[in-house]
Structures are given as C-alpha cells and as structure tokens.
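This report covers a predicted model.

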Amino acid sequence: MTHASSRDWLDALHLASASLPVGGFAYSQGLEQACASGRVTDVASAQCWIADYLQLVVARQELPWWHAIAQACTQADWDTALELAQSLAALRETAELRLESTQMAHAMVKLYEQWLAPGDDAQLPEALKLALAHDYTAAHAALCAARGLPAEIGMSAWVWSWLDNQVLAAVKLVPLGQRHGQQMLHALKAHVPAVIEEGMRTPLDQAGCAAFGLMVASTHHETQYARLFRS
C-alpha cells in the first residue's frame with residue numbers, strides 16, 4: 001500500500017461516506033429485480049449476488065478504467081483521460097445503468113469546486129469535464145487524481161461506497177436485519193484488497209465484463225411495477 005497521509009485517509013473516508021451528495025442511495029444496480037424475481041431471498045443469496053458483482057464487474061471493468069483515468073489525469077494527459085471516460089460511459093449496458101452513472105457523475109462534478117483548490121478545477125479542459133459528467137467512475141477517479149490521493153486509497157473509497165450501498169439495499173429489499181447486513185460487510189470486505197489489486201494490474205485490453213444476469217435484471221427492472229430504487 002502506498003504511503004498515505006492523514007489528509008488522504010480523511011479524503012477517502014469523506015468520499016466513501018453515505019452523506020456524499022451523489023445520490024448513490026437511490027440505486028440498487030439490478031439487486032431490486034433480483035429480489036423481486038426470487039433470485040435473491042436471504043443472506044446467502046444476497047452475499048453471493050454482491051460478491052459476484054464485486055469480482056466480475058468491479059474488479060474486471062470499473063477499477064481498471066478507474067486506475068487508467070486517474071493515471072492519465074495525474075499526468076495531465078487530458079486527451080487520453082477524455083477518450084477513456086467516453087469509452088467507459090459507452091460500456092453501460094442498459095438505459096438504467098447509464099442513467100444512474102450519468103446522474104451520479106453530474107452530482108460528483110458539481111462537487112469539484114469544493115474539493116479542489118482555487119484554479120485547479122479550471123485547469124481541467126471543458127471537454128473532459130463534460131465527459132466526466134457522464135460517468136461516475138470516471139468522475140470519481142479524476143477527482144482523486146486532482147487531490148493527489150494514492151490510487152489504492154481512492155479505489156478503496158470507491159469500492160467501499162459501492163459495497164456499503166449494495167448491502168444497505170439488500171437489507172431493505174430481502175429484507176434483512178442490520179446484524180445480517182454487518183455480517184455481509186465483514187465477509188465481503190475481505191475480498192476488497194484482492195479486487196483492488198486485480199483492478200490495478202489488469203490492462204485495459206484485457207478489462208471488461210459480460211454479466212448477462214445483471215443486464216437482464218436491469219432491463220426487467222425498467223418495467224417492474226413496484227420499485228424502491230431507480231435501478
């Protein structure tokens with residue numbers, strides 16, 4: 001793990017906080033439909049669903065792109081960062097998943113002026129900021145790079161925010177007790193270091209996912225009659 005200062009850890013905790021106003025609490029990323037269809041019914045099946053998503057989507061797609069975008073922004077390689085952000089946005093398989101990523105990204109980019117020193121936000125090309133506002137993972141990576149946050153720490157904040165939200169969604173949807181939610185968090189966080197390591201070492205020409213069950217769940221959710229979440 002790269003040496004991190006106390007400011008780095010505070011930034012990571014802030015970015016991972018449920019109070020960060022990006023709206024992640026409004027989305028279940030297919031989990032609601034998985035519960036409605038009977039695929040997720042208890043602690044074991046909920047943990048299996050989230051663990052599969054963590055290993056098959058987060059480790060193999062989200063984090064490799066996060067890492068590459070952060071590297072490009074750190075090096076002020078704006079053309080590469082722009083291309084990567086646009087490519088990642090194009091990988092959203094369904095209308096719901098794309099809308100989720102876009103809305104959270106818009107909210108994240110609006111926070112840049114609070115997070116960055118005066119003038120830093122202005123150094124980002126307008127075309128890049130427009131692209132970042134269309135994909136949450138890209139917007140998160142660029143902000144971490146601009147703050148000088150070590151990649152492992154920034155990626156940990158992204159993963160924990162996602163994981164915490166998924167478990168909270170499962171607690172509401174299955175439904176589960178709060179102790180069951182904490183039980184799942186303890187079990188699932190044990191996978192996070194390996195997931196981050198895989199995300200950092202995976203080259204983009206080998207990155208990507210084909211989570212067909214997630215895609216089907218997401219498309220069915222678009223017409224689900226009763227919903228708590230927007231995806």
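## Aromatic pairing

Rings of Phe, Tyr and Trp, the last through its six-membered ring, count as a pair if their centres lie within 6.5 Å; planes under 30 degrees apart are called stacked, those over 60 edge-to-face, and the rest tilted. By this rule the structure holds one aromatic pair. Its members are Tyr53 and Trp162, with 5.1 Å from centre to centre and 40° between the planes, a tilted arrangement.

Tyr53 belongs to helix α3, while Trp162 belongs to helix α10 (residues 151–173), so the pair ties together parts that are 109 residues apart in sequence. Tyr53 and Trp162 are both buried.

Gln29 sits in the loop between α1 (6–16) and α2. With a relative accessible area of 13%, Gln29 is buried, because the cut-off for that class is under 20%.

The C-alpha atoms of Gln29 and Ala169 are 9.5 Å apart, although 140 residues separate them along the chain.

## Ser231 and its polar contacts

Ser231 is located in the segment after α13. Its relative accessible area is 1%, so Ser231 is buried. A polar atom of the Ser231 side chain lies 3.0 Å from the backbone nitrogen of Gln29. The side chain of Ser231 also has a polar contact with the side chain of Glu100, at 2.9 Å.

Leaving aside neighbours within four places in sequence, the residues in contact with Ser231 include Ala26, Tyr27, Ser28, Gln29, Gly30 and Glu32. Glu96, Glu100 and His221 are also among the contacts of Ser231.

## The nonpolar core

The largest nonpolar core has 84 residues. Leu15, Val58, Met108, Tyr112 and Leu132 are the residues with the most contacts inside this core. Helix α3 supplies the largest share of the core, 18 residues.

For Leu132, the contacts beyond four places in sequence are Ala85, Ala105, Val109, Tyr112, Ala138, Ala139 and Ala142.

## The buried face of α13

Which residues of helix α13 (residues 212–221) are buried? They are Leu214, Met215, Ala217, Ser218 and His221. These residues lie on the same side of α13 because they cover an arc of only 165° around the axis. An α-helix has 3.6 residues a turn, so residues three or four places apart point the same way.

Among the elements that cover the buried residues of α13 are α2 (31–36), α3 (43–74) and α5 (95–110).

## Cysteines

How many disulfides are there? The count is zero. Cys73 is in no disulfide, and the nearest cysteine sulfur, that of Cys144, is 10 Å away. From the side of Cys144, the closest cysteine sulfur is that of Cys73, and 10 Å is too far for a bond, because a disulfide requires the sulfur atoms to be within 2.5 Å.

Cys73 is buried, with a relative accessible area of 9%. Cys144 is buried as well, at 1% relative accessible area.

Methods
Residues numbered from 1 in each chain as written. Predicted model: local features only at pLDDT ≥ 70, side-chain atom pairs only at ≥ 80, totals over all residues. Heavy atoms only, no water. Buried < 20%, exposed > 50% of the residue type's maximum accessible area, 1.4 Å probe, protein only. Helix = DSSP H or I, 4+ residues; strand = E, 2+ residues; numbered from the N terminus. Arc of directions from axis to C-beta. Contact = heavy atoms within 4.5 Å. Core = buried A, V, L, I, M, F, W, Y, C linked by side-chain atoms within 4.5 Å. Polar contact = N/O pair within 3.5 Å; in protein donor to acceptor, adjacent residues only side chain to side chain.
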